[in-house]
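Visitor: Hello! Could you walk me through this model, one question at a time?

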Amino acid sequence: MASHLKGVKKSTLTDNMRKTLCEYKIEHPSSSQKDLQQWVQQIFDLSVSQSTISNTLKRSSEYFSKEKKNSNVKRHKSAKYLELEKVLYEWFLQYQEKVNMTGEMIQSKAKEFLQKMYGDANSKFNFSIGWLEMFKARHVIKSYRRFGESGSVVMVNIEYALPQIRAILENFDWKDIYNMDETHLFYRLQADHSLATK
């Protein structure tokens, strides 16, 4: 209530005033607390003590140092070899539909590109699992199921090939014909999951 009395000046700085005061102090580093007190009086029509000025500057310097420290923190680690990553990603896009991509393939190709692009000087760089995960995150690469049993067949090809398959099977006894699902050759089957961008 007292602040609304006629002739009594406010003596409380708002956050915006504090910020403006600090910016002024940065621009005029030689200003004394008395100078700043007079500046606040003149700009904001506010009567504040020198201790208020001192406390404001102290708190603000702590705030600005924290801000500076936080701005130096890397939130997303960027790639060490940007050109290498660009080439590696282009290679990945070119081959993702032709072969089942694995993390080991990406790491191996990255080492190969490192050697070709940067020589022996950087050959000790470790393309670790952590690096691989960051590479995948930066380029939105995920693991997808490539095909199921039904998705692995192109029906147009089947319609063309089925009569030929039947003609070949006529040369064999039924006891010598097996469904591939019943064989033990699945250990040689290509993986049905692959890393891809889509």
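Visitor: Which residues is Trp-91 in contact with, leaving aside its neighbours within four places in sequence?
Guide: Welcome! This is a predicted model, where local features need pLDDT of at least 70, side-chain atom pairs count only at pLDDT 80 or more, and totals for chains, interfaces and linings use all residues. Residues are numbered from 1 along each chain as its sequence is written, and side-chain values use heavy atoms, with hydrogens and water left out. Contact means heavy atoms within 4.5 Å, and with those neighbours set aside, the partners of Trp-91 are Met-101, Met-105, Ile-106, Lys-109 and Phe-113.

Visitor: Where is Glu-97 found, and is Glu-97 buried or exposed?
Guide: Helices here are DSSP runs (H or I, at least four residues), numbered from the N terminus. Glu-97 sits in the loop between H4 and helix H5 (103-118). Exposed means over 50% relative accessible area. Glu-97 has 53% relative accessibility, so Glu-97 counts as exposed.

Visitor: How far apart in space are Glu-97 and Lys-198?
Guide: Along the sequence, Glu-97 and Lys-198 are 101 residues apart. In space, from C-alpha to C-alpha, the separation of Glu-97 and Lys-198 is 9.7 Å.

Notes: Helices (H or I, at least four residues) and strands (E, at least two) are DSSP runs, numbered from the N terminus. Buried means under 20% relative accessible area, exposed over 50%, partly exposed in between (1.4 Å probe, protein chains only).
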